[in-house]
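Let's walk through this model together, one region at a time.

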Amino acid sequence: MAGYALNYLALAARDVEAACRFLGGSLGLERTDVALGGGTVPFFGVGRSAVALFDPYDPYLDEPQFPGVHHMALAAPDPAATAAAHSLTVTAEGAGPDGRRFVVIDPRETVGIRTRFIEPLDIPSADGPAYKIDHLGIATDDNDATVRVFSDNLGCPVESTQTDVEIRNVTESFVSDKYGAVYHSRPAEILGGLRDVFITIGDCELEMLMDYDPALKPRDGLGEEKGNTKGDQSAIAKFVARRGPGLAHVAFATRDIDALLPKLADDGWRMIDLEGRPGGRGSLIGFVHPSNFGGGLLIHFVEPQADGGYTAKFG
Ligand SMILES: [Fe+2]
């Protein structure tokens, strides 16, 4: 296989217990408690990788410690040699979950995407409504730099690229009882948008998200509306301004998003979306509200095009 595969994704939640109920209870992901630092950490197998849940101030997490998607760990049998082979600077190393050796890569060399190499953990996973990680959402201001790191240097393939824009078309009409009607269309106007690059890491992708054109913002109430393309641009720009570029959210693949989102609401989870809306790569997407987990941790679902996606609902 080309490049490296995601071994686990570290999520930090203020309310770890709620996040465990969400992943293990409502999504039915298989839980494995893995020994770390005298205690255990809950891991949830999903597809060919896993998500691990930490308190934001867990000593295993390097600075800065915050709720959200903290780091990704790529599988490498010899973590230190792997970092050296790619000329990446190691800022910390040690024995992690289940005693597996790991190294922490200087985030300044990975465009802010906190990355570790780790001796692979084998966390079992079961099929269910969330059958794998679809992608890790990454807020950047330089997609080309991420391609140089993860594709040119580490050898992970670019899966696809995409440009999303929200365009406003305005037509004026002038209707006279004596002189007839005149219709005048103004030039189309781009309100906002994103440039995406998808890079494969195992059975999921990194999704780099960058403003379509930073000079466009703010414009026409940009960011006041959730769930549209210009609102998404504003959300990415705000994330980069507040926290710098890096891991922003995690998305799980599901086969029927219009069944899953209302089911989660029935389970008592606060949802941003109750039905799928257009997302990247011909998919449908729907977001879970971060307040369920104490704030800061953003999760969404994806019904990929291969499972029906946008075409099945709107096509
Ligand atoms: Fe996403």
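D98 counts as partly exposed because 17 C-beta neighbours lie inside 10 Å; by this scale a residue is buried if 20 or more other C-beta atoms lie within 10 Å of its own, exposed if 12 or fewer, and partly exposed in between, with C-beta atoms placed from the backbone. You will find D98 in the loop between β6 (90-95) and β7 (101-105). Its phi is near 55°, a positive value in a residue other than glycine. Most residues other than glycine have a negative phi, and most peptide bonds are trans.

Before going further, a word on what you are viewing. This is a predicted model, in which local features need pLDDT of at least 70 and side-chain atom pairs count only at pLDDT 80 or more, while totals for chains, interfaces and linings use all residues. Residues are numbered from 1 along each chain as its sequence is written. Helices (H or I, at least four residues) and strands (E, at least two) are DSSP runs, numbered from the N terminus.

R281 also has a positive phi near 55° without being a glycine. R281 sits in the loop between β16 and β17 (284-288), and it is buried, with 20 other C-beta atoms within 10 Å. For a cis peptide bond, look at the link between E63 and P64, where omega is about -10°; P64 belongs to the loop between β4 and β5 (68-75).

Now turn to helix α1, residues 16-26. Which of its residues are buried? They include V16, A19, F22 and L23. Seen down the axis of α1, the buried residues fall within an arc of 125°, so they line one face of the helix; the arc is that of the directions from the helix axis to the C-beta atoms. These buried residues pack against β1 (6-12), β3 (39-46) and β4 (49-54). The face turned away from the buried side carries the exposed residues E17 and G25. G24, also in α1, is partly exposed, with 15 other C-beta atoms within 10 Å. Leaving aside neighbours within four places in sequence, G24 is in contact with L29, R31 and F44, where contact means that the C-beta atoms, placed from the backbone, lie within 7 Å. After the helix comes G28, whose phi is positive, near 70°.

Next, find the open sheet of 8 strands, which has mixed pairing and the order β10-β13-β14-β9-β15-β18-β17-β16; two strands pair if DSSP finds at least two bridges between them. At the edges stand β10 (158-168) and β16 (277-278), each with a single partner strand, so one side of each is left without a neighbour in the sheet. Helix α4 (residues 229-243) packs on this sheet, touching β9, β10, β13 (189-201), β14 and β15. The direction of α4 makes about 65° with that of β13; axes are lines fitted to C-alpha atoms, for helices over the stretch in contact, and angles run from 0 to 180 degrees between N-to-C directions.

Why is β9 (residues 132-139) described as largely enclosed by the rest of the structure? Because 7 of its 8 residues are buried. On one partner, β15 (residues 246-253), β9 pairs in the antiparallel sense over 7 bridges; there I133 has F252 as its bridge partner, and L136 has V250. With β14 (residues 204-211), β9 runs parallel and is joined by 5 bridges, and G137 stands opposite E207.

Terms used:
Two residues are in contact if their C-beta atoms, placed from the backbone, lie within 7 Å.
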